[in-house]
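Biologist: Before we go through the names used for this structure, could you show it to me, so that each term can be set against its value?

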Amino acid sequence: MMQYGLLVMGAPYSSPAPHSALRFAHAVLARGHQLAGVFFYHDGVHNASSLMAPPQDELNMHDAWAELHQQHAVPLDVCIAAALRRGLMNESEAQRHGKQAYNLSPPFELTGLGQLLELQQRADRLITFA
Amino acid sequence: MATPNALLVIIRHAPHNSSWLREGLDAALVAAAFGQPVHLLFMGQGILALLKEQGSGAAGQKATLPTIDMLEMYDIEKLWVTEEALKGMHLTTDALVEGVTLLAEQQVPGLLQQHSNILSF
């Protein structure tokens with residue numbers, strides 16, 4: 001059994017990376033390995049937007065990640081600097097920046113890059129999807 | 001050359017056409033700030049990040065050269081550049097900032113093997 005970590009750096013619907021990452025995550029778990037966490041960086045932070053509303057016959061990536069978390073308690077960490085730059089924030093960041101809306105909430109968590117490095121150290125393999 | 005626990009950050013994108021370079025350097029700086037030894041490898045268009053005579057970014061973008069100049073302060077002293085990338089762009093090391101180390105492309109696999117932690121941007 002191995003501990004995997006995933007780094008997702010592609011945006012949903014612009015890049016196939018998040019979808020590949022999600023399929024990889026399910027495959028890893030189906031084979032009895034562990035998934036230590038998923039870290040969203042660069043354009044990958046868009047995966048965390050709770051405001052995405054794709055057509056009903058398309059996969060909602062936000063919901064698919066949330067489901068992965070519900071089923072397997074996989075942490076979903078989002079780089080705060082990359083997120084704020086791109087207009088993704090949780091309620092407390094929205095208040096701090098005087099914004100009228102927020103689009104990031106649990107199970108996604110805003111965190112620093114230190115969390116990515118920690119994930120890399122903890123996992124036997126860190127796989128990048130970009 | 002191998003340092004246990006060292007992080008190799010690979011930069012393959014030029015400045016200003018995306019935030020790959022800036023966010024890649026951010027990851028390198030954070031790792032160094034956490035006390036992890038960090039090495040940088042510039043490949044392909046990534047070597048353009050090291051051009052010493054570059055101004056600020058395209059409209060609305062911060063320059064990245066000041067970050068490159070700051071690496072030494074963070075004890076990031078290993079800046080590898082592949083010879084092939086330099087030749088491919090008709091550049092010599094004279095055009096680059098101080099302190100880069102040239103590496104043949106065939107040495108890259110060995111370098112990757114020496115690092116158990118790699119992030120590619």
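Predicted model: local features only at pLDDT ≥ 70, side-chain atom pairs only at ≥ 80, totals over all residues.

Biologist: What makes the pair of E23(B) and R86(A) a salt bridge?

Modeller: The closest N and O atoms of E23(B) and R86(A) are 2.8 Å apart, and the cut-off is within 4 Å, so the pair qualifies as a salt bridge. R86(A) lies in the loop between α3 and α4 of chain A, whereas E23(B) lies in helix α1 of chain B, so the pair joins two chains.

Biologist: Why are R86(A) and E23(B) called buried?

Modeller: Buried means under 20% relative accessible area; R86(A), at 18%, therefore counts as buried, and E23(B), at 0%, counts as buried too.

Biologist: How do you know that D26(B) and R85(A) form a salt bridge, and why is D26(B) called partly exposed?

Modeller: The closest N and O atoms of D26(B) and R85(A) are 3.9 Å apart, which is within the 4 Å cut-off. This pair also crosses between chains, from helix α1 of chain B to helix α3 of chain A. Partly exposed stands between buried, under 20%, and exposed, over 50%, so D26(B), with a relative accessible area of 23%, is partly exposed, as is R85(A) with 41%.

Biologist: Which residues are joined into one network by salt bridges that share partners?

Modeller: That network holds D43(A), R85(A), R86(A), E23(B) and D26(B).

Biologist: Turning to chain A itself, how do you know that the span of helix α1 agrees with its number of residues?

Modeller: At 1.5 Å a residue, the 14 residues of helix α1 of chain A, residues 17-30, should span 20 Å, and because the end C-alpha atoms are 20 Å apart, the two values agree.

Biologist: Why can the buried residues of α1(A) be said to line one face of the helix?

Modeller: The buried residues of α1(A) are A17(A), P18(A), A21(A), L22(A), A25(A), V28(A) and L29(A). Seen down the axis of the helix, they fall within an arc of 135°, so they line one face. The face turned away from this buried side carries the exposed residues R23(A) and A30(A), while what covers the buried residues includes β1, β2, α2 and β5 of chain A.

Biologist: Why is V45(A) called buried?

Modeller: V45(A) has 0% relative accessibility, so it counts as buried. This residue lies in the loop between β2 and α2 of chain A, and among the residues that V45(A) touches are F40(A), V78(A), R86(A) and L88(A). The C-alpha atoms of V45(A) and L88(A) are separated by 7.5 Å, although these residues are 43 residues apart along the chain.

Notes
Residues numbered from 1 in each chain as written. Chains lettered and ligands numbered in written order. Heavy atoms only, no water. Helix = DSSP H or I, 4+ residues; strand = E, 2+ residues; numbered from the N terminus. Expected span 1.5 Å × (residues − 1). Buried < 20%, exposed > 50% of the residue type's maximum accessible area, 1.4 Å probe, protein only. Arc of directions from axis to C-beta. Contact = heavy atoms within 4.5 Å. Salt bridge = Lys/Arg side-chain N within 4 Å of Asp/Glu carboxyl O. Lists of a residue's contacts leave out its neighbours within four places in sequence.
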